[in-house]
Amino acid sequence: MNKILTIQNLKKYFPVKNAWGSDVAFVKALDGVDLEIESGKTFGIVGESGCGKTTLMRTLLRLVEPTSGSVILSEQIIGDKVTNNKLEELTSEELRKFRRQIGVVFQDPMGALNPRMIIKDIVSEPLVIHGKTGNMRNRVIELLNNVGLGEEHLYRYPHEFSGGQRQRIVIARALALDPKILVLDEPTSALDVSVQAQILNLLNDLQEKYDLTYIFISHDLSVIEYMCDRLAVMYLGKVVEEADTEKLFSNPQHPYTKALLSATPSFDKDKEKIMILGDVPSPITYLDESKAKLATEMTEQEKLEIKAIEGKGIDYIVRSSLNEVVPLVQISEGHSARVK
Ligand SMILES: Nc1ncnc2c1ncn2[C@@H]1O[C@H](COP(=O)(O)OP(=O)(O)OP(=O)(O)O)[C@@H](O)[C@H]1O
Ligand SMILES: [Mg+2]
């Protein structure tokens, strides 16, 4: 496997402070994530709100400092002259170079585009920041053509475009510095279904044209199935299952993966239904252990819900707090899950 990035035991704990400013607890947003990202492929990350997907992306870009752990960069990204290939040990100049190699596309294109700037300036912004101002107008037109827009759009403002077109502008800007990797954090979830498909197809075309590696974050499993070669399912800051997309969809092992898959709409009446009960357990770990139990105990309401469901042919799982951490085991080649 031609690895472009290797993430090793990455942790990010956000401190929770009391009114006096001292730490009382930690939110374990990332709690020991290991991933290998293959070059030229699409790696998917799924999991429900708050499981740490965006934090993973932000730590990868060094927008937040990780608590511990390592990101190993391949020669492809860092060039062969550099002796140091650990992201956390790069000098600020090396970090600047590294950032050029990763383009970012967020969920909300309107939030990502400055409403007071014209498209020409928005798309050329990274070129200006990195001092690549030669022949800039033509480069911007080329970038717009790549995403299905053109010269006629140069002097318009973001509000004069549709949601899908705005996301195209964001993609054009993300590609301005010829990155090797694109990080896509829910790139289509704010869009209409018909426009979603266009954007996904555009991304597939661009990947082929420029041999891009995608890290694709989504909670929409049908989008993930369509786009990704391999994926990791995250739950409370940990990867609970990882496999090639086909394997994971045909043979899910972890109860949480099974529940996620069973929740996708289907016309198959016999499809197994699994319900997830209760709220997501708190990712907070209290420094004072007596408080920790309160956050993870099952409530009376949850116990009642289980009673009501029993006997109706629906399987159920109760959210576990992951207090007892089950190690990842290998199910088959390239497929691992936290199951006993
Ligand atoms: N800067 C921060 N300070 C404190 N806690 C944070 C910070 N950023 C994120 N968190 C917490 O870390 C956890 C993971 O958040 P994150 O944004 O990574 O989730 P996510 O998987 O991207 O969710 P969503 O699907 O809603 O975007 C959450 O409990 C969140 O409240
Ligand atoms: Mg997020």
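Which residues are the closest of the 13 that surround ligand 1? The first legend has them, after two notes on the model.

This is a predicted model, so to speak: local features need pLDDT of at least 70, side-chain atom pairs count only at pLDDT 80 or more, and totals for chains, interfaces and linings use all residues. Residues are numbered from 1 along each chain as its sequence is written, while chains are lettered from A and ligands numbered from 1 in the order in which they are written.**View 1. The shell around ligand 1.** Phe14, Ala29, Ser49, Thr54 and Thr55 are the closest of the 13 residues that surround ligand 1; a residue is near a molecule if its C-beta atom, placed from the backbone, lies within 6 Å of it. The elements that give two or more residues to this shell are β2 (23-38) and α1 (53-60). With three residues, α1 gives the most. Sorted by class, the shell has five nonpolar, seven polar and one charged residues. Here Ala, Val, Leu, Ile, Met, Phe, Trp, Tyr, Cys and Pro count as nonpolar, Asp, Glu, Lys and Arg as charged, and the others, Gly among them, as polar.

**View 1. The protein chain as a whole.** The chain has 13 helices and 14 strands. Both are DSSP runs numbered from the N terminus: H or I over at least four residues for helices, E over at least two for strands. Of its 340 residues, 34% count as buried. Buried takes 20 or more other C-beta atoms within 10 Å of a residue's own, exposed takes 12 or fewer, and partly exposed is in between, with C-beta atoms placed from the backbone. Among contacts with a separation of 6 or more, 67% come from residues 24 or more positions apart; a contact means C-beta atoms, placed from the backbone, within 7 Å.

**View 2. Strand β6 and its two partners.** Five of the five residues of β6 (residues 181-185) are buried, so the strand is largely enclosed by the rest of the structure. Ile181, Val183 and Asp185 sit on one side, Leu182 and Leu184 on the other, and both faces are covered. Strand β5 (residues 102-105) runs parallel to β6, joined by four bridges, with Ile102 partnered by Ile181. Strand β7 (residues 213-217) is also parallel to β6, over five bridges, and here Val183 has Ile215 as its bridge partner. Strands pair if DSSP finds at least two bridges between them.

View 3. Glu186 lies in the loop between β6 and α8. Its phi is near 50°, a positive value in a residue other than glycine. With 18 C-beta neighbours inside 10 Å, Glu186 counts as partly exposed. Asp108, in the loop between β5 and α4 (109-112), is partly exposed too, with 15 other C-beta atoms within 10 Å. The C-alpha atoms of Asp108 and Leu191 are 8.9 Å apart, though 83 residues separate the two along the chain.

**View 4. Helix α8, one side in and one side out.** The 18 residues of α8 (residues 193-210) should span 26 Å at 1.5 Å a residue, and the end C-alpha atoms are 26 Å apart, which agrees; the expected span is 1.5 Å times one less than the number of residues. Gln196, Ile199 and Leu203 are buried. Looking down the axis of α8, the buried residues fall within an arc of 70°, so they line one face of the helix; the arc is that of the directions from the helix axis to the C-beta atoms. An α-helix has 3.6 residues a turn, so residues three or four places apart point the same way. The buried residues of α8 pack against α7 (163-174), whereas Ser194, Asn201, Glu208 and Lys209, on the other side, are exposed. Just after α8, Asp211 takes a positive phi of about 50°.

**View 5. Helix α5 and its neighbours.** In α5 (residues 119-129), the buried residues are Ile119, Ile122, Val123 and Ser124. They pack against α6 (136-146) and α7.

View 6. Strands β8 and β9 form a hairpin with two residues between them, and Leu236 in the turn has a positive phi of about 45°. Six of the seven residues of β9 (residues 238-244) are buried, so β9 is largely enclosed by the rest of the structure.

Technical notes: Two residues are in contact if their C-beta atoms, placed from the backbone, lie within 7 Å.
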